[in-house]
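My entries follow in the order I looked things up.

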Amino acid sequence: MNAVRTTLALAALALGTLAAIAASPLPPLANDEIAAADLAVWLRDRRVGLLVVDARSADAMAQDRLPGARLLVDVDAAMLDAADAVVVYADRDVDVRRVE
């Protein structure tokens, strides 16, 4: 019985060590993406030049939205030009290059 416990303990230690040095199970962000935690910091700090665009429906935005977010249909070219960083979010994966 002690041999089984020792084997399981060694296996747990080895797997724990591998888990500690393994990379995140999430795919890496693309160059044009931001992590939710980083966006939260930008929002908290009221980052100058940040434009947050909600690509969901007006009803979804009325239910729940990020602070300062603008509905996509309300964003114009002047807002985009004035922004240093534009973050677009939606309910599911949306190719923002194709959003009209």
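**Ground rules.** I call a residue buried under 20% relative accessible area, exposed over 50%, and partly exposed in between, with a 1.4 Å probe and protein chains only. The model is predicted, so I take local features at pLDDT of at least 70 and side-chain atom pairs at pLDDT 80 or more, while totals for chains, interfaces and linings use all residues. Numbering runs from 1 along each chain as its sequence is written, and side-chain values use heavy atoms, with hydrogens and water left out.

**Entry 1, the chain.** I listed the secondary structure, taking helices (H or I, at least four residues) and strands (E, at least two) as DSSP runs numbered from the N terminus. The protein chain has four helices and three strands. From the N terminus their order is α-α-β-α-β-α-β. Next I checked burial: 17% of the 100 residues count as buried. For contacts I required heavy atoms within 4.5 Å. Among contacts with a separation of 6 or more, 51% join residues 24 or more positions apart.

**Entry 2, salt bridges.** My rule asks for a side-chain nitrogen of Lys or Arg within 4 Å of a carboxyl oxygen of Asp or Glu. How many salt bridges does the rule give? The count is two. One joins the side chains of R44 and D45, at 3.1 Å from N to O. R44 is exposed at 57% relative accessible area, and D45 is partly exposed at 46%. The other pairs D54 with R56, whose closest N and O atoms lie 2.8 Å apart. Are D54 and R56 buried or exposed? Both D54 and R56 are buried.

Rolling a probe the size of a water molecule over the atoms shows where empty space is left. I worked on a 1 Å grid over the protein atoms alone. A cavity is a set of points where a 1.4 Å probe fits but cannot get out; a pocket is an open set with protein on both sides within 12 Å along at least five of seven lines. Lining residues have an atom within 4 Å of a point. Points are joined across faces, edges and corners, and a volume is the space filled by probe spheres set on them.

The second largest pocket holds about 160 Å³ of space. Its lining consists of W42, L43, R46, R47, L50, L51, V52, P67 and G68. Two elements, α2 (36-44) and β1 (50-54), each give two or more residues to that lining. Which of them gives the largest share? β1 does, with three residues. I then sorted the lining by class: six nonpolar, one polar and two charged residues. Here Ala, Val, Leu, Ile, Met, Phe, Trp, Tyr, Cys and Pro are nonpolar, Asp, Glu, Lys and Arg are charged, and the others, Gly among them, are polar.

**Entry 4, the loop between α2 and β1.** R46 sits in this loop. R46 has a positive phi of about 50°, though it is not a glycine. R46 is exposed, at 70% relative accessible area. R47 lies in this loop too and is partly exposed at 33%. Beyond its neighbours within four places in sequence, R47 is in contact with W42 and A85.

D32 lies in the loop between α1 (2-21) and α2. D32 is exposed, at 64%. Its C-alpha is 9.8 Å from that of V86, 54 residues away along the chain.

M79 belongs to helix α4 (residues 77-82) and is partly exposed at 22%. Leaving out residues up to four places away in sequence, M79 touches L51, R70 and D74. M79 and G49 are 30 residues apart in sequence and 9.6 Å apart by C-alpha.

I placed Y89 in strand β3 (residues 85-89). Y89 counts as buried, at 17%. Which residues does Y89 contact beyond four places in sequence? They are V52, V53, D54, A55, R56, R65, L66 and A69. Y89 and A55 are 34 residues apart in sequence, with 5.9 Å from C-alpha to C-alpha. The list also takes in D54 and R56, which form a salt bridge.
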